Amino acid sequence: MNKLAVFELGVNDVRLTIFNYTANGYFAPDSQIIEPVKLTQDMERDGYIKPSRIQETIAILKNLRKIVDGAKIENMICYASPIIANARNQIAFLDEIYKTVSLYFRVLTPEEQISALHSAILYSFAMTRGVIIQIGDYSTEIIRFNRRVIVNSISLPIGALNLLDKTGEGSLADKMDKAVDIFTRELKKLSWLYNLDADSEFIGVGEVFNSLGKLSRKSTRYPLDVAHNYEVTQESFQNVYNLIRGLDLDKAKKLKGISEKRADVIAIGLSIIKSAFNEFIRAGVKISTNGEMYGIVTRNLLGQSGDKPLLDILGYSLSAINEFYPTSINADSNYALAVILYKQLKVLHKLTRPYVKVLRIAASLCMSGKRISFEDYQKNNFHVILHSSIYGASHKDIILAAFVAASQNIDDFSLSDWVRFKDLVSDEDLDAVRKLAIIIKMATMLNITNSNSVKDIACDVLGDTVILKTEVERDATLEISQAMSVASDFRKVYGKNLQIL
């Protein structure tokens, strides 16, 4: 296992993130340390980063460097926020870091920032076309993509922090209203935002969007505490926006999901989002927890391929999970058999195409609960899947897959857990979960020796009996015997007797 250390020099903090990666192109974060430092505070007075901030930053970097050296990590990336380019003493500052800590930081250009942000989304979402919005303290990046290629992009020199400065004196509501007006004038200069395709989707990146997601999930009592790919609807956003706008600053600071020191900045960031909703966002915006750092790592570890669209986001994501947390050496074979069974039993289950994605997740992670314990691992599958970093699938897909993988024994199905997600699932979904769970269980049993003995399956339905005829390359007596243990549950769900030959 290889390791990569990423040092990020931001406006408000210094971050060290360590990634594990493999030679075949998979990576995953291992740990992260964030140390606060107001690097650009008071810089606007004379354009210089203050000596006290420089020394504080260097002291932090020295300690973080000890962690990297202690872990014997040689592969490192060091980059700084574009706002540091505005400092008159940026060269002297970065030289001092290099001399004292032996870390060479490069300041990102706005173009590099946009490219990295786009790469991050390419490996996080299965979207054909849409708009990415990243709100920072001093800038807002907007990227329009089509067929997963950048069509238009811009880095506006207006972020949540410097927009706050432009709103002058007044109540929080007054400041937010002024911020909407100011940012709307900037958006109206971008004609390409006003002729978007009807099926365009919208992705939000950054602290402001993360805070919005937290507040939205809380206000709607959303049952899944997962930030990535959570969609904030227009109605939910308006409720959060009105809530914040109606508070004084002291009360806003006490809201969970908003940092006390940044409450007013987050509020102005919501005004930027409000302007976007007013002008071009239609139904809602999906939150991305992967920003430019994820894109930089992608491009560094995958080379030029990191700039190209990843056609199978879900497949890459599931393979990465099994690469770093292996619980089955034959996840792909299990899925292949599950697909064969799904197709052969279609005349009985009559499930629609969207459930194939649910089947894929459940089949790939149907033994993931072994990370916790072999005993009752199928029940453990539920919690592991719900909280795995699965990209290219909706929250509903992930929830249904968790129930499928946990309910391979039908009596283990948890109705109390199902009720928790009642606003996201339906009776049709419940029927699908039970049918898919049977398929997953049979697929794993038909591959229980990990020898890939069963190559194909044909199905005959004769009255009240379903006959599955296996095509094998070697003796599959054990596989067939184990698969027949599903017969009782098969009868409960499909209403047929089961024979496997």
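Q: What share of the contacts in the chain with a separation of 6 or more comes from residues 24 or more positions apart?
A: The model is predicted, so local features need pLDDT of at least 70 and side-chain atom pairs pLDDT 80 or more, while totals for chains, interfaces and linings use all residues. Residues are numbered from 1 along each chain as its sequence is written, and side-chain values use heavy atoms, without hydrogens and water. A contact means heavy atoms within 4.5 Å. Among contacts with a separation of 6 or more, the share from residues 24 or more positions apart is 69%.

Q: Why is strand 6 (residues 129-135) described as largely enclosed by the rest of the structure?
A: Strands are DSSP runs of E with at least two residues, numbered from the N terminus. Buried means under 20% relative accessible area with a 1.4 Å probe, counting protein chains only. Arg-129, Val-131, Ile-133 and Ile-135 point one way and Gly-130, Ile-132 and Gln-134 the other, all of them buried. Strand 6 is largely enclosed because the number of its seven residues that are buried is seven.

Q: Which residue of strand 9 is the bridge partner of Ile-132?
A: Strand 9 (residues 201-205) runs parallel to strand 6, with five bridges between them. In strand 9, the partner of Ile-132 is Ile-203.

Terms used: Buried < 20%, exposed > 50% of the residue type's maximum accessible area, 1.4 Å probe, protein only. Helix = DSSP H or I, 4+ residues; strand = E, 2+ residues; numbered from the N terminus. Pairing = 2+ DSSP bridges.
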